[in-house]
Every structure is written in C-alpha cells, then in structure tokens.
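Please look over the sequence and the model first.

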Amino acid sequence: MTKWDKYLIFFIILSSIIGLSIVKSDISKSDYKYIRITVNGKVIKKITFGKNMIGKTIDIRTKYGYNKIEIGEGKVRVIDADCPDKLDVKQGWISKPGEIIVCLPNKLTIEIVGEKKANDKIDDVSY
Amino acid sequence: MNNIKKLIFLSLLVALGLALSILESLIPLPFIVPGAKLGLANIVVLSTLIVFGYKEALIVAILRSITFSLATGSVTSLFYSLTGSLLSLVAMYFVYRFLSKMFSVIGVSIIGAVFHNIGQISVASIMMENIKIFSYLPVMNLVSLFTGYFVGLSTFYTTKHLKKIFNL
C-alpha cells in the first residue's frame with residue numbers, strides 16, 4: 001500500500017459519505033409519501049398509504065415477470081418474485097422517501113416518492 | 001513465451017474466471033446492499049493485465065462475461081457484467097499504465113471496483129429509465145473498498161508467483 005492508496009481510500013469514503021448525506025437530505029425534505037411502481041420506465045401504479053392498505057398484497061404480472069408486493073404501515077416490500085436470485089425479496093421493507101427496490105430481471109422498480117409540503121412550494125416562487 | 005502456450009494459459013484464465021464467478025454467486029454476502037458481490041473474477045482480469053497486458057486482459061474479460069451469461073442462462077445480465085467489466089478494465093489499465101508509481105495493485109483494484117459499480121449502475125438506470133438507482137452508488141462504493149482491497153491483495157500474491165513461472 002502506497003500513500004496514494006490511502007488517499008484514494010480516504011477520498012472514496014469521503015465522497016460516499018457526502019453522497020449518502022445528499023440522498024438523506026433529499027429524503028428529509030418531503031412530507032407526504034406514496035408508492036410508485038414502474039415497469040420498464042413506465043409508471044404502472046401509484047399507491048397511497050392508508051389504514052385500509054395495511055397487510056394488502058398486490059400481484060404485478062407483466063410480460064417481463066411476476067412479483068408480489070406487500071404493503072405495511074407506511075412501508076412496502078416484495079414477498080414473492082419469479083426472478084432467479086430474488087434480491088428484491090431479500091431487501092425487505094422500505095419506508096423512507098427515496099428508497100427503492102429494484103428487480104432487474106423483471107425491469108421493475110418500486111419507489112417511495114415524497115411530495116414536498118405545500119408551504120415549501122410557495123416559498124420557492126415568492127421573492 | 002510461444003503462441004500456443006499463451007493461448008492455453010489465457011483459456012485457462014477464462015475458465016478460472018468463470019469458475020470464480022459461479023462460486024461467488026453461491027456465496028451469500030452478509031451485506032444489506034442487494035447486488036453486492038466479492039468480484040473474485042477481477043483477480044483473474046487484473047492478473048492477466050499485469051502478467052500479459054491490455055489486449056489479453058480485454059479478451060479474458062469479454063470471454064468471461066459471455067461464458068458466465070451462457071452458464072447462468074440470463075441474457076440481460078450480459079449487458080450489466082460486460083459494461084461493468086469493460087469500464088473497470090479501461091480504468092485499471094490507465095491507472096496501472098500511467099500512475100503505477102502512485103498506486104499499488106490494491107489501489108488499481110479499488111479503482112476497478114468503483115468503475116465496475118459506476119458502469120453497472122449506469123446500465124441499470126438507462127435500462128430502467130430511472131436516475132434514482134444512482135442512490136445505490138455511495139453504499140456500493142463503500143462495500144467496494146473492502147472487496148477491492150481483498151482482490152488487490154490476492155492479485156498481488158498471485159502475480160508475484162505467475163511472473164516467476166513465466167519469467168516475464
């Protein structure tokens with residue numbers, strides 16, 4: 001290991017931490033959240049969280065494959081899939097806006113999207 | 001070294017890379033990040049780059065990706081692994097060729113791992129048409145530090161003996 005290796009490792013740790021904090025700060029800005037399910041770049045479903053949705057399962061069948069998602073209290077996960085490695089199932093629950101479950105073989109992404117507070121939007125346009 | 005000997009040795013390296021890729025897909029990693037792998041095949045590619053050279057490493061990297069997708073039977077994974085390994089090979093080549101006074105094999109391997117991540121995540125975000133997949137990148141890079149260090153150390157000891165055998 002040369003000293004440049006150590007600089008490189010330090011730089012990667014630093015940039016990762018900065019990247020993570022940017023992702024985090026993007027999350028904390030939002031207030032209201034919903035689930036957005038995308039297949040091959042097209043939004044096929046938007047689901048808002050609610051009491052009646054807790055414990056519900058939804059089948060997603062497309063020409064790319066089959067996934068089954070379960071909705072909990074403000075969180076969502078994939079419980080069944082026909083992709084070979086089942087990484088999306090292993091990932092477990094996601095709950096914060098900006099978090100995302102991806103199933104590459106089925107071209108499926110499940111995102112939690114946060115909407116900003118209405119007040120923030122007004123602040124942005126008023127000078 | 002004559003041509004036929006080199007050809008046989010390169011095909012052995014491809015087979016070794018394929019075996020390592022299949023082996024590492026059987027090892028479950030105790031990481032939270034989905035899709036994080038050890039990158040054992042990078043030992044073979046990096047060793048080829050150091051012992052033989054750029055052209056040979058390119059051949060080994062491409063053949064390994066193709067044979068791996070044939071062995072596992074998934075065509076979509078071919079794009080991911082091919083883009084990732086080609087981008088990481090180009091990055092490793094430039095660092096090894098021009099900056100080898102600054103970085104040791106470990107540094108080269110870490111840079112390769114980081115560029116492998118960048119390539120794969122770019123392909124994923126293009127295919128899924130979703131830029132948010134890049135939020136995986138910082139976590140993946142942190143994991144890459146450990147796997148890249150391990151791969152670099154293994155390559156260092158492997159090439160030390162390989163160079164002795166072939167008197168290069």
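## Charged pairs, fold and interface

B:Glu56 is buried, because its relative accessible area is 14%. The model in which this value was computed is a predicted one. The side chain of B:Glu56 forms a salt bridge with that of B:Lys6, at 2.8 Å from N to O. This pair links distant parts of the chain: B:Lys6 is in helix α1 (residues 3-26) of chain B and B:Glu56 in helix α3 (residues 54-72) of chain B, 50 residues apart. B:Lys6 is partly exposed, with a relative accessible area of 25%.

Over all chains, the count is 3 salt bridges. Side chains of opposite charge can pair when their charged atoms come close. The table lists the pairs.

| Salt bridge | Distance, N to O |
|---|---|
| B:Lys6 and B:Glu56 | 2.8 Å |
| A:Arg36 and A:Glu111 | 3.4 Å |
| A:Arg77 and A:Glu70 | 2.8 Å |

The salt bridge between A:Arg36 and A:Glu111 also links distant parts of its chain, with A:Arg36 in strand β1 (residues 30-39) of chain A and A:Glu111 in strand β7 (residues 108-116) of chain A, 75 residues apart. A:Arg36 counts as partly exposed at 21% relative accessibility, while A:Glu111 counts as buried at 1%. In the remaining pair, A:Arg77 is partly exposed at 27% relative accessibility and A:Glu70 is buried, with a relative accessible area of 16%.

Chain B has 6 helices and 0 strands. Its radius of gyration is 16 Å, which agrees with the value near 15 Å that a compact globule of 168 residues would have. The C-alpha trace of chain B spans about 50 × 40 × 25 Å along its principal axes. Buried residues make up 49% of the 168 residues in chain B. Of the contacts in chain B between residues at least 6 apart in sequence, 72% join residues at least 24 apart.

How many residues of chain B are in contact with chain A? There are 26, and they are in contact with 25 residues of chain A. The area buried between the two chains is about 2400 Å², and carbon and sulfur atoms give 72% of that area. B:Met102, B:Met128 and B:Lys132 supply 24% of the area that chain B buries against chain A, more than any other three residues. Two or more residues on the side of chain B that touches chain A come from each of α5 (105-128) and α6 (137-166) of chain B. The largest share of that side, 8 residues, comes from α5(B). The residues on that side of chain B divide into 18 nonpolar, 6 polar and 2 charged.

B:Asn141 is in helix α6 of chain B. Leaving out residues up to four places away in sequence, B:Asn141 touches A:Ile12, A:Ser16, B:Val114 and B:Asn117. B:Asn141 is buried, with a relative accessible area of 9%.

In chain A, A:Tyr64 lies in the loop between β3 (57-62) and β4 (65-71). Is A:Tyr64 buried or partly exposed? A:Tyr64 is partly exposed, with a relative accessible area of 27%. The side chains of A:Tyr64 and A:Asn40 are joined by a polar contact of 2.6 Å. A:Tyr64 and A:Lys107 are 43 residues apart in sequence, and their C-alpha atoms are 6.9 Å apart in space.

Definitions and conventions:
Residues are numbered from 1 along each chain as its sequence is written. Chains are lettered from A and ligands numbered from 1 in the order in which they are written. This is a predicted model: local features need pLDDT of at least 70, side-chain atom pairs count only at pLDDT 80 or more; totals for chains, interfaces and linings use all residues. Side-chain values use heavy atoms; hydrogens and water are left out. Contact means heavy atoms within 4.5 Å. Buried area is the accessible area (1.4 Å probe) that two parts lose on being put together, summed over both. Helices (H or I, at least four residues) and strands (E, at least two) are DSSP runs, numbered from the N terminus. Ala, Val, Leu, Ile, Met, Phe, Trp, Tyr, Cys and Pro count as nonpolar, Asp, Glu, Lys and Arg as charged, and the others, Gly among them, as polar. The radius of gyration is taken over C-alpha atoms; the globule rule is 2.2 Å times the number of residues to the power 0.38. Buried means under 20% relative accessible area, exposed over 50%, partly exposed in between (1.4 Å probe, protein chains only). A polar contact is a pair of N or O atoms within 3.5 Å; within protein, one must be able to donate a hydrogen and the other to accept it, and residues adjacent in sequence count only if both atoms are side-chain atoms. A salt bridge is a side-chain nitrogen of Lys or Arg within 4 Å of a carboxyl oxygen of Asp or Glu.
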